[in-house]
Amino acid sequence: MEGIQIAKESDARGSFCPGPLMEMIRLVRSANVGDVVAVISGDEGSKKDIPAWINKAHYELVGTEEVAPGATRFLCRKNH
Amino acid sequence: MKKILILGGGTGGTIVANRLAHALQPQDASIEVISDSPLHYYQPAQLYIPFGEEDPRKIARSERKLLNPQVKLRIDTVSEWIPDKQALHTARGDTISYDFLVIATGSVPCPEEVEGFVAGADHFYTPEAAYRLYHKLSEFEGGRLVVGVGGIPYKCPVAPLEFTLLAEAFLAHKGIRSKTEIVYTFPLNDVFNIQSVVPVVRELFEQRSIRAETFFNLESVDAEKKLVKSLEGTELPFDILVMTPPHKGAPFLRGHPMADNDGWVKTDRNTLRVNDLPNVWALGDTTNLPISKAGSTAHFEAPAIVEQIVAAIRREESPPGKATYNGHVTCFIDSGYGKATILDFDYDHPPAVYEPNEFRHLQKMAFNKLYWYLVPTAVI
């Protein structure tokens, strides 16, 4: 995910469903249109929940990446 | 003599104070509760006010009368907490120090946080709001009822589900069910955040023709057009909108170094200590723990905190397991038509959910009356 400027990031490791998803929603709410926000989750359920929410809200899932064993960073662009 | 300060005169603070008074002699420690109200509210009763089944004037009692005489009660509001100095400032200008501190200041519904909420939506999270909704439902002649959750976390996770089911039964009893569409909204991808509960709720919704709108994160309410909008872009028209407002911790905790921006206190899930401070604990709605914000949570958390404080004062070791909380929560789900079910779970055991029945409903109704005699008084 090099070259992408992350406006806000939250490390939600240690919280479980729905913690990381609610953290993503909180970040998106507080972001400006065009910003990319990121949440790091250690919860397996986030791999389904966070992309599903981004899709429902018609935002853009910029990407996902493993940042540590069992920890995934989700990047979302608030495009509207 | 040690000084124990307990912030909050709700279920959690009152149980801790009374348990400490039972366990300690007056010469061991002074116990003081600081509450911003002289009244203790039984908040679960607010659910029944909109249906005319509870009187808002009868759901509160004197906190003084619920407390053991050994416990001092101070009516004041905490304005600042300074952990380094083991002291608090209050709205009346007092500075109070402590040796042990228990934070049980609960959660605060914040409808003003959502654009248009106050003008266009109703809720039942205060006696006054629940009473306004009673009048609105009494005059309702049919249309579109939208019930939903306006933010997570919130007080009593099953309450919006219960309200939806009770409203359906209320409208059927009133003879206007066929003229009313009921829509339930939830911020996540299903109707509830505990997976084992979902199939039972979905079945009840199907039987009662209640439509669920999921991934609906409340964005704003247009009171004039009677339209509620979600962050996801969904718009729902309504005639009555009943939304659980966003909740926050007590104002003095919002943004405090020991809490997050919304005021949920950083709490250890087992010891309930705050941010590893050796002499400060939190319980009930106050914590940042991902468990139910409910009276039963505080009820089951209180013994672990009391055990640790008593052991510290007596310079004893606590027996294994007695000084830790295992995530135990119990709550009823009233489904209307004189039936209810019960959820009982902890950190390691999700709830098994059973079909609602008459016995559980009677049990819930009896508990609502017996609460005053058994729970804050620490009889059970």
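Q: Which residue lies over the face of Trp264(B), and at what distance from the ring centre?

A: That's Lys293(B), sitting 4.1 Å from the ring centre of Trp264(B). Before we go on, keep in mind that this is a predicted model. To spot such a case, look for a Lys or Arg whose charged end sits over a ring.

Q: Are Tyr42(B) and Tyr371(B) buried or exposed?

A: Here you read the relative accessible area, and under 20% means buried. Tyr42(B) has 6%, so it is buried. Tyr371(B) has 3%, so it is buried too.

Q: What kind of aromatic pair do Tyr184(B) and Phe186(B) form?

A: A stacked one, with 6.2 Å from centre to centre and 10 degrees between the planes. The angle is under 30 degrees, which is why the pair counts as stacked. Tyr184(B) is buried at 1% relative accessibility, and Phe186(B) is buried at 0%.

Q: Which residues form one aromatic cluster?

A: Find Phe51(B), Phe124(B), Tyr125(B), Phe163(B) and Phe170(B), and you have the members of the cluster.

Q: Let's turn to charges. How many salt bridges are there over all chains?

A: The count comes to 23. To find one, look for a side-chain nitrogen of Lys or Arg within 4 Å of a carboxyl oxygen of Asp or Glu. In chain A, Arg73(A) and Glu65(A) make one, at 2.8 Å from N to O. Arg73(A) is buried, with 17% relative accessible area, whereas Glu65(A) is partly exposed, at 22%.

Q: Which parts of the chain does the pair of Lys72(B) and Glu32(B) link?

A: First the bridge itself: their side chains meet at 4.0 Å, N to O. Lys72(B) is in strand β5 (residues 71–75) of chain B and Glu32(B) is in strand β2 (residues 29–35) of chain B, 40 residues apart.

Q: Why does the pair of Glu168(B) and Arg208(B) tie together separate parts of the sequence?

A: Their side chains meet in a salt bridge of 3.7 Å, N to O. Glu168(B) lies in helix α5 (residues 159–174) of chain B and Arg208(B) in the loop between α6 (198–207) and β13 (210–213) of chain B, so the pair joins parts 40 residues apart in sequence. Glu168(B) is buried at 5% relative accessible area, and Arg208(B) is buried at 11%.

Q: Which residues are linked in a network of salt bridges?

A: Look for Lys56(A), Arg144(B), Glu181(B), Arg211(B) and Glu213(B), which salt bridges link into a network.

Note on methods. Residues are numbered from 1 along each chain as its sequence is written. Chains are lettered from A and ligands numbered from 1 in the order in which they are written. This is a predicted model: local features need pLDDT of at least 70, side-chain atom pairs count only at pLDDT 80 or more; totals for chains, interfaces and linings use all residues. Side-chain values use heavy atoms; hydrogens and water are left out. Buried means under 20% relative accessible area, exposed over 50%, partly exposed in between (1.4 Å probe, protein chains only). Rings of Phe, Tyr and Trp (its six-membered ring) pair if their centres lie within 6.5 Å; planes under 30 degrees apart count as stacked, over 60 as edge-to-face and the rest as tilted. A charge sits over a ring if NZ of Lys or CZ of Arg is within 6 Å of the ring centre and within 35 degrees of the ring normal. Helices (H or I, at least four residues) and strands (E, at least two) are DSSP runs, numbered from the N terminus.
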